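Hi there,

Here is the structure I promised to hand over. Have a look at it first, and then read my notes below.

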Amino acid sequence: MSLIKVQNLSLSYHGHPVFEKLNFEVNRDDFLCVVGPNGCGKTTLLKCLLGLIKPTTGKIIFADNLDANEIGYMAQRHHIDANFPASVYEIVSSGALGQTKLFQAYPRQRIQDALKALKISNLAKEKFGHLSGGQQQKVLLARAIVATKELLILDEPSNNLDYRSKRDFYRILRELNRDFAIIMVTHDLDHHNLVGNRILSLDHDNPFFGTTAEYVRRVHAH
Ligand code: ADP
């Protein structure tokens with residue numbers, strides 16, 4: 001049984017269709033990249049999966065043990081003021097808010113584990129606003145990990161990262177994919193950066209859902 005199954009999903013804003021009759025599924029070990037030009041509906045789709053927007057028609061079927069409020073979500077990066085007063089530990093802990101009793105039993109351990117997985121335990125007391133862009137992204141990813149045991153949804157997490165930080169960040173994501181399914185919106189489709197085993201393209205001129213290898217073959221064939 002897949003973790004998420006999307007059937008004939010359509011969404012319109014004020015009568016204007018953003019996407020129509022989307023079908024795809026995500027399995028427990030998948031790393032799905034969602035691609036397509038700006039404005040094609042990538043963020044809107046993520047919000048539908050998170051239950052923040054109701055689709056016009058169609059269905060999103062979750063596995064029995066996955067609840068929409070137990071998904072680790074990392075929104076698109078916004079500029080964060082250097083004077084932002086919260087510490088790294090506080091930001092990561094906030095991932096545990098609003099969770100079920102199951103999680104509440106072990107939040108401290110989960111926070112420590114997430115800091116360790118991202119190799120940022122040494123930054124726990126630092127002010128978030130003082131960190132580099134790459135470090136901040138790791139903190140936000142750690143917060144998303146604390147919020148879930150199954151699925152991470154990431155909206156352009158590597159935006160604004162330099163080449164080195166990006167490579168480092170993707171290496172971490174591949175490691176995390178051993179424990180979590182990942183759905184990630186990305187524009188990084190050049191071969192050095194290709195991550196993930198599946199691709200969903202919302203490009204109206206080039207719609208696609210399948211393996212990354214098939215997608216690459218298709219791009220080469222054109
Ligand atoms: P992407 O993430 O691929 O850049 P979005 O999901 O942000 O695309 O947007 C898809 C389309 O829906 C765009 O044309 C955008 O202008 C429109 N849109 C996004 N959010 C809203 C909204 N809240 N109300 C009306 N239109 C919206």
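Around the ligand sit Tyr-13, His-14, Val-18, Pro-37, Asn-38, Gly-39, Cys-40, Gly-41, Lys-42, Thr-43 and Thr-44, where a residue counts if one of its heavy atoms lies within 4 Å of the ligand. Please keep in mind that this is a predicted model, in which local features need pLDDT of at least 70 and side-chain atom pairs count only at pLDDT 80 or more, while totals for chains, interfaces and linings use all residues. Residues are numbered from 1 along each chain as its sequence is written, and side-chain values use heavy atoms, with hydrogens and water left out.

By class, this shell has four nonpolar, six polar and one charged residues. For that count, Ala, Val, Leu, Ile, Met, Phe, Trp, Tyr, Cys and Pro are nonpolar, Asp, Glu, Lys and Arg are charged, and the others, Gly among them, are polar. Helix H1 (residues 42-49) gives the largest share of the shell, three residues; helices (H or I, at least four residues) and strands (E, at least two) are DSSP runs, numbered from the N terminus.

Which atoms come close to the ligand's oxygen atoms? A backbone N or O atom of Thr-43 is 2.9 Å from one oxygen atom of the ligand, and a backbone N or O atom of Cys-40 is 3.2 Å from an oxygen atom of the ligand. The protein covers 55% of the 560 Å² of accessible area that the ligand has on its own (Shrake-Rupley method, 1.4 Å probe).

Thr-44 belongs to helix H1. Is Thr-44 buried or exposed? Its relative accessibility is 10%, so Thr-44 counts as buried (under 20% relative accessible area; exposed is over 50%, partly exposed in between; 1.4 Å probe, protein chains only). Leaving aside neighbours within four places in sequence, Thr-44 is in contact (heavy atoms within 4.5 Å) with Leu-11, Tyr-13, Phe-19 and Ile-53.

Next, look at helix H5 (residues 133-146). Eleven of the 14 residues of H5 are buried, so this helix is largely enclosed by the rest of the structure. Those buried residues pack against strand S5 (71-74), helix H2 (88-93), helix H4 (107-117), strand S6 (151-155) and helix H6 (163-176).

Finally, find Gly-210 in strand S9 (residues 208-211). Gly-210 is buried, at 7% relative accessible area.

Happy exploring!

How values were computed
A polar contact is a pair of N or O atoms within 3.5 Å; within protein, one must be able to donate a hydrogen and the other to accept it, and residues adjacent in sequence count only if both atoms are side-chain atoms.
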